[in-house]
Amino acid sequence: MASSTSASAAKTGAVLVTGGAGYIGSHAAKALAAAGRRVVVIDNLSTGHRAAVRWGDMVVADVHDVPRVRETIRQYGVSAVMHFAASSLVGESVRNPISYYLNNVGGALALLEAMVEESVTRLVFSSTAAVFGDPIETPITENHPTHPINAYGETKLAVERALVHFERAYGIRSVSLRYFNAAGADPEGDLGEDHQPETHLIPRAVEAALGGSALQVFGADYQTPDGTCLRDYVHVCDLSRAHLLALEHLEHNGGTRIYNLGIGTPFSVQDVISSVERASGRPVPAERAARRPGDPAVLFASSDRIRTELGWRPAFVGLDAIVESAWAWRLTHPHGYQEEAVR
C-alpha cells in the first residue's frame with residue numbers, strides 16, 4: 001500500500017477519459033468531478049455528444065493520434081487514464097471485424113504508446129463480459145475460460161492480454177472491468193443514453209412504448225424460461241463508481257487486476273419489456289426476429305471479487321430501478337442531446 005503522501009500526489013494529476021462524450025464515459029467523467037478529480041476528455045465525436053461533456057475540459061481528437069494524445073497528457077498533467085473509446089456492437093463486430101480490430105485493438109495500442117512515452121502508468125480499461133463467449137457455468141467468475149464468439153469480445157480480450165506485457169515491460173498497471181448491458185441514466189437528469197441509431201434493449205423498449213417502431217426481439221427460442229436471452233443489467237452510475245474504485249486501487253500502488261461487474265441476477269428480454277411497461281404505464285409493442293449471430297443464450301456475472309477487494313456495492317440492484325431512470329431521462333430529453341446541442 002502506498003503512503004498517504006504518494007497517493008495524494010497521484011490524485012493531483014488529471015484523469016484522461018477517452019470516449020468521455022459517450023454514454024458510460026460521460027457518466028464516469030461526472031463521477032470523477034464529483035469526487036474532486038480534474039478531468040480531461042478526448043473524444044472524436046463519431047458517436048459521442050459534445051453536450052454530454054460538462055465536467056472537465058474537452059479535446060476533440062482520436063486516440064489513434066499519438067502525438068495529440070501525448071500533447072494532451074503533457075498539457076493537462078495527466079496521471080491516469082480511463083479508456084472507454086471503442087466500438088461495442090456485437091452484431092456489427094460479426095459483420096465488420098476489420099473495423100473492430102482497427103478501432104478497439106489499434107486504438108488501445110496507440111493510447112498505450114502515448115502513455116509509455118509520457119510515463120503515465122495507471123489505466124482503467126473498459127472491457128466486457130463478451131470475452132467469455134458461451135458460458136459453461138453461471139454466474140461467470142473471473143476464472144471462467146475466455147472463448148469469445150464475436151469480434152467485439154475478441155478485441156477486448158486482445159487488449160486485456162496486451163496489458164500483461166505492458167506492465168512487465170513499461171510498468172503500466174491496469175484494472176480491466178468486464179461488464180455488459182450498461183443501462184439506466186443519471187438520477188439527477190444531467191446525462192442519459194443517446195445512441196444514433198439506438199441498439200440497446202432498454203432505450204429501444206422505451207421508444208416502442210412511446211409510439212416508436214415495435215421492439216424487435218432477436219430470438220425467442222433459446223433454452224431459457226421464456227425463450228429470450230438472459231442478461232445482467234448494471235446501472236451506468238454503479239459502473240462509474242467501480243471505475244473510481246479501480247483508479248483508487250491503482251493510486252495506492254495496487255497491482256493489475258481483472259474484475260467482473262454485474263448485479264448477479266439475470267433478466268430476460270421479456271423481463272425488460274414488462275419492466276418498461278410498469279415504468280411507463282404503457283404497452284411495449286414487440287415482434288419476434290431471427291437470432292443475432294454471436295449472441296449467447298445466457299450471460300450474467302459474479303462480482304464477488306470486486307465486492308470483496310474494492311468494496312464495490314451497486315446502488316441499483318433491481319431491474320425496475322434501472323428502467324425507471326432510463327424512462328425518466330427519455331421523458332425529459334425526448335430528442336436526446338440534440339435539443340441541447342442547438343441551444
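**Helix H7 and its neighbours**

Tutor: Happy to! Keep in mind that this is a predicted model. Let's begin with H7 and helix H11 (residues 319–332), whose axes come within 10 Å and cross at roughly 60 degrees.

Student: What other helix does H7 cross?

Tutor: Have a look at helix H9 (residues 269–280). The axes of H7 (residues 201–209) and H9 come within 10 Å, crossing at roughly 50 degrees. H7 and H9 are therefore oblique to each other, and their crossing is right-handed.

Student: And who makes that contact?

Tutor: On the H7 side, Leu201, Ile202, Ala205, Val206 and Ala209; on the H9 side, Val269, Val272, Val276 and Ser280. By class, the contact of H7 with H9 has eight nonpolar, one polar and no charged residues.

Student: Okay, new topic. How many residues are in the largest nonpolar core?

Tutor: The largest nonpolar core has 34 residues. Those with the most contacts inside it are Ile24, Leu32, Met82, Leu177, Leu261 and Ile306.

Student: Which elements give residues to that core?

Tutor: Two or more residues come from each of these: strand E1 (14–18), helix H2 (23–34), strand E2 (39–43), strand E4 (78–83), strand E6 (173–178), helix H8 (236–251) and helix H10 (304–310). H8 gives the most to this core, with eight residues.

Student: You mentioned Ile306. What is it in contact with?

Tutor: If we leave aside neighbours within four places in sequence, Ile306 is in contact with Leu177, Ala242, Tyr259, Asn260, Leu261, Gly311 and Trp312.

Student: Switching to the backbone: where are the cis peptide bonds you'd show me?

Tutor: One runs from Thr138 to Pro139, with omega near 0 degrees. Pro139 lies in the loop between strand E5 (122–126) and helix H6 (151–170). Another cis bond goes from Gln196 to Pro197, also with omega near 0 degrees. Pro197 is in the loop between strand E7 (182–183) and H7, which takes us back to the helix we began with.

Student: Which residues have a positive phi although they aren't glycine?

Tutor: Leu45 is one of them, with a phi of about 60 degrees, and it lies in the loop between E2 and strand E3 (57–60). Ser119 also has a positive phi of about 60 degrees, and this serine is found in the loop between helix H5 (97–117) and E5.

Student: Is Ser119 buried or exposed?

Tutor: Exposed, because its relative accessibility is 60% and the cut-off is over 50%.

Student: And how exposed is Leu45?

Tutor: Leu45 is partly exposed, with a relative accessible area of 25%.

Key
Residues numbered from 1 in each chain as written. Predicted model: local features only at pLDDT ≥ 70, side-chain atom pairs only at ≥ 80, totals over all residues. Heavy atoms only, no water. Axes fitted to C-alpha atoms, helices over the stretch in contact; angles between N-to-C directions. Helix = DSSP H or I, 4+ residues; strand = E, 2+ residues; numbered from the N terminus. Parallel < 35°, antiparallel > 145°, perpendicular 65-115°, else oblique. Left-handed = near helix turned anticlockwise from the far one by under 90°. Contact = heavy atoms within 4.5 Å. Nonpolar A, V, L, I, M, F, W, Y, C, P; charged D, E, K, R; others polar. Core = buried A, V, L, I, M, F, W, Y, C linked by side-chain atoms within 4.5 Å. Buried < 20%, exposed > 50% of the residue type's maximum accessible area, 1.4 Å probe, protein only.
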